[in-house]
Each structure stands twice: as structure tokens, then as C-alpha cells.
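Colleague: I would like to know what stands behind the terms used for this model. Please show it, and then I will ask.

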Amino acid sequence: MWYLQKPTKKELDDYVEYMSDKVKSTTDYAEFKPYLECEIFGHRYDFVKMLLRSEPQYHMALNRFLMNRICNNGNQAEAKKNDLKKVFNYQSFISADKDFSYRLSNLKKTNACPYCNRQYTLTIETESDGVFLHIARPHFDHWYGKANYPLLALSFYNLIPSCAVCNSSIKGSDFMDVATHVHPYCQKFGYEPQFKFKALFTGDKDFMLYTTKSPSPQEEAMKKAFCIEECYRYHEKLEAKDVVSLAVQRPDIHQQSIINDILAALKHKVSSDELIRRIFGIEIEAARQNDRPMSKLKKDLLEQFHVI
């Protein structure tokens with residue numbers, strides 16, 4: 001749901017060339033080569049590279065076109081899918097290849113899960129005696145599941161760096177489409193979800209978190225698919241409490257004045273946004289919101305209580 005930065009042309013070209021060579025070197029590729037490297041109406045097409053490079057809005061149409069060719073309009077579809085899994089082999093080419101999977105996760109450039117903004121998705125490596133040690137990296141969620149769409153198993157924009165909870169525990173193999181859900185690579189630069197987190201007081205100090213309804217049906221579908229409200233309610237006594245307590249403890253003070261007083265004490269050597277980042281550990285700017293988990297939650301609550 002949160003924006004993911006696209007790779008540079010060179011980064012994408014390098015990925016496509018590397019992965020194309022891997023795919024075409026498999027033993028089973030010969031069976032599919034006539035369909036994936038062919039001439040149509042006088043034009044030569046390399047559909048392997050097209051699959052690896054194409055953007056999300058073209059994935060389903062391209063997959064449907066090729067599967068119809070490969071399976072003779074549906075015949076032996078399941079058998080062909082199993083064979084294609086050996087060609088577009090995510091397990092061998094990415095999952096089991098630690099060096100490359102960590103290179104890819106670095107290329108994805110995200111610090112927090114774009115589905116929930118709750119968990120870090122950092123790529124952590126270290127060097128010891130000249131040897132790189134791989135410690136942790138994000139999961140790669142297949143937007144279109146690799147079991148049903150093996151042709152898309154290695155497509156760059158079909159691999160979404162995400163946290164383990166969103167990828168495995170919540171989404172799993174559930175089907176999503178760019179027409180009905182928010183694809184992180186389909187958003188404009190700096191996109192911020194349009195719904196808001198709010199605190200509803202149920203007592204003098206007690207409150208519960210909820211989200212406002214988004215004007216985007218795709219966002220509402222994402223909120224439901226990833227159990228956003230249910231998951232964030234577990235943060236009511238954690239991150240949310242830290243922010244809400246400002247308003248509860250001193251309701252007589254306009255909270256923005258606290259920030260202004262600190263800025264004045266610092267002689268305005270830092271900006272208001274920088275001060276908020278230092279105090280609350282969040283990014284205010286929409287384009288950087290996914291640099292730190294919980295940024296939207298805290299920002300929305302700070303706005304609700306007029307701190308910012």
C-alpha cells in the first residue's frame with residue numbers, strides 16, 4: 001500500500017540480463033523456447049525479458065497471452081505450470097542463492113514493509129575476515145503467486161519486499177489484482193495512503209485505534225486483506241500510547257506550542273520536521289514515510305492532537 005521506489009534503468013537492465021541468462025540455461029527451457037522467443041507478425045520477441053521487466057499493470061495480460069500459446073488455449077495447463085516452475089525457478093535462482101537474494105533486497109530499497117508500515121524490512125550484512133555474512137533480509141512476496149503464475153515468479157515488479165507477518169501469516173497465497181488492490185510499484189512517488197489512523201477515547205485515559213474510511217476502494221481492500229486495524233490495535237499500549245499520552249496528560253496545552261518552545265530553545269537550528277523525527281522517530285514527509293515503521297500511525301495521531 002505504501003510506495004516502493006522503482007529501480008534505475010541500469011539496475012533493471014542488469015537484473016533482466018542476469019535472470020534471463022539463468023532462465024534460458026535451464027534444461028527444460030528448450031520445451032518453451034518456441035513460445036518465449038519467437039517472431040509474431042514480422043517482429044522478433046523475447047518474452048522472457050518482457051516478463052522480467054514488465055510493470056504490474058501488464059502482468060496478467062502477458063501471462064494470459066503466453067499461457068494460451070503454451071497450453072493450446074487451456075489444454076494441460078497444470079502440467080505445463082509444473083514444468084514452467086523448473087524454468088522460472090524462484091527457489092534456485094533467488095531464495096537459495098543468498099548472495100543474489102541479498103543483492104536484490106538491497107536493490108529494492110525499503111526499510112519498512114510496504115503492506116503494513118509496522119515492521120522493519122532491513123537488509124543486514126556484515127563482513128568478517130573478508131567474507132560477507134548474510135544476517136537478515138525482507139521476505140519477497142509474490143504479488144501474483146508463483147504457484148498459479150510461474151511465468152511471473154521472477155518478474156522484478158512481482159517481488160514485493162515485505163515482513164514475514166504480511167507475507168506468510170496474513171497474505172499467503174491469497175489472490176490480489178492491480179485493479180482491486182494497491183500495488184506498491186503502481187503508486188506515484190511519495191504516495192501516502194489516504195485513510196487516517198485515529199484514537200477514539202473510551203474513558204478518561206483509555207482509547208482504541210481505528211482507521212477512517214479511505215476514498216479509494218483499493219485501499220479499503222488492502223486494509224481488509226492485511227488486517228490493518230486488527231494488527232494496529234496491538235500497538236494501542238505501545239507506540240500509540242506514547243503519542244496519545246501527550247494529549248491526555250496536559251489537555252489544557254495546545255500541543256503545537258510544545259514543539260514551538262523546543263524550536264525556540266534550539267534557536268531554530270533544526271526544522272520542525274527534523275525535530276519531530278528526532279523526538280518521535282518518524283518521517284513526516286510522505287516520500288520517506290516507509291523509511292521508518294509506524295510513521296503513518298504516529299503522524300496521523302500527532303495531527304489529530306494538533307502537535308503538528
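Predicted model: local features only at pLDDT ≥ 70, side-chain atom pairs only at ≥ 80, totals over all residues.

Colleague: How many helices and strands does the protein have?

Modeller: There are 14 helices and eight strands, taken as DSSP runs numbered from the N terminus (helices: H or I, at least four residues; strands: E, at least two). The C-alpha atoms fill a box of roughly 75 × 50 × 35 Å along the principal axes.

Colleague: Why is I94 called buried?

Modeller: Buried means under 20% relative accessible area, exposed means over 50%, and partly exposed lies in between (1.4 Å probe, protein chains only). I94 has a relative accessible area of 0%, so I94 is buried. Of the 308 residues of the protein, 45% count as buried.

Colleague: Which residues does I94 touch, beyond those up to four places away in sequence?

Modeller: A contact means heavy atoms within 4.5 Å. I94, which is in helix α6 (residues 90-95), touches Y15, M19, N89, F100, S101, L104, F140, L154 and L159. The C-alpha atoms of I94 and L104 are separated by 8.5 Å, with the two residues ten apart along the chain.

Colleague: Which residues of α7 are buried, and what covers them?

Modeller: F100, S101, Y102, L104, S105, L107 and K108 are buried in α7. Their cover includes α1 (9-24), α6, β3, β4, β5 (139-142) and β6 (159-162). Just after α7, K109 takes a positive phi of about 55 degrees.

Colleague: What makes E192 and K299 a salt bridge?

Modeller: A salt bridge is a side-chain nitrogen of Lys or Arg within 4 Å of a carboxyl oxygen of Asp or Glu. For E192 and K299 the N to O value is 3.0 Å, and their side chains meet in a salt bridge. A network of salt bridges links E192, K196, K296, K299, D300 and E303, and the count for the protein comes to 23 salt bridges.

Colleague: Is E283 buried or exposed, and why?

Modeller: E283 counts as buried because its relative accessibility is 7%. The side chain of E283 meets that of R288 in a salt bridge at 3.6 Å, N to O.

Colleague: What do R288 and D291 count as?

Modeller: R288 has 38% relative accessibility and therefore counts as partly exposed. D291, with a relative accessible area of 28%, is partly exposed. The side chains of R288 and D291 meet in a salt bridge at 3.4 Å, N to O.

Conventions:
Residues numbered from 1 in each chain as written. Heavy atoms only, no water.
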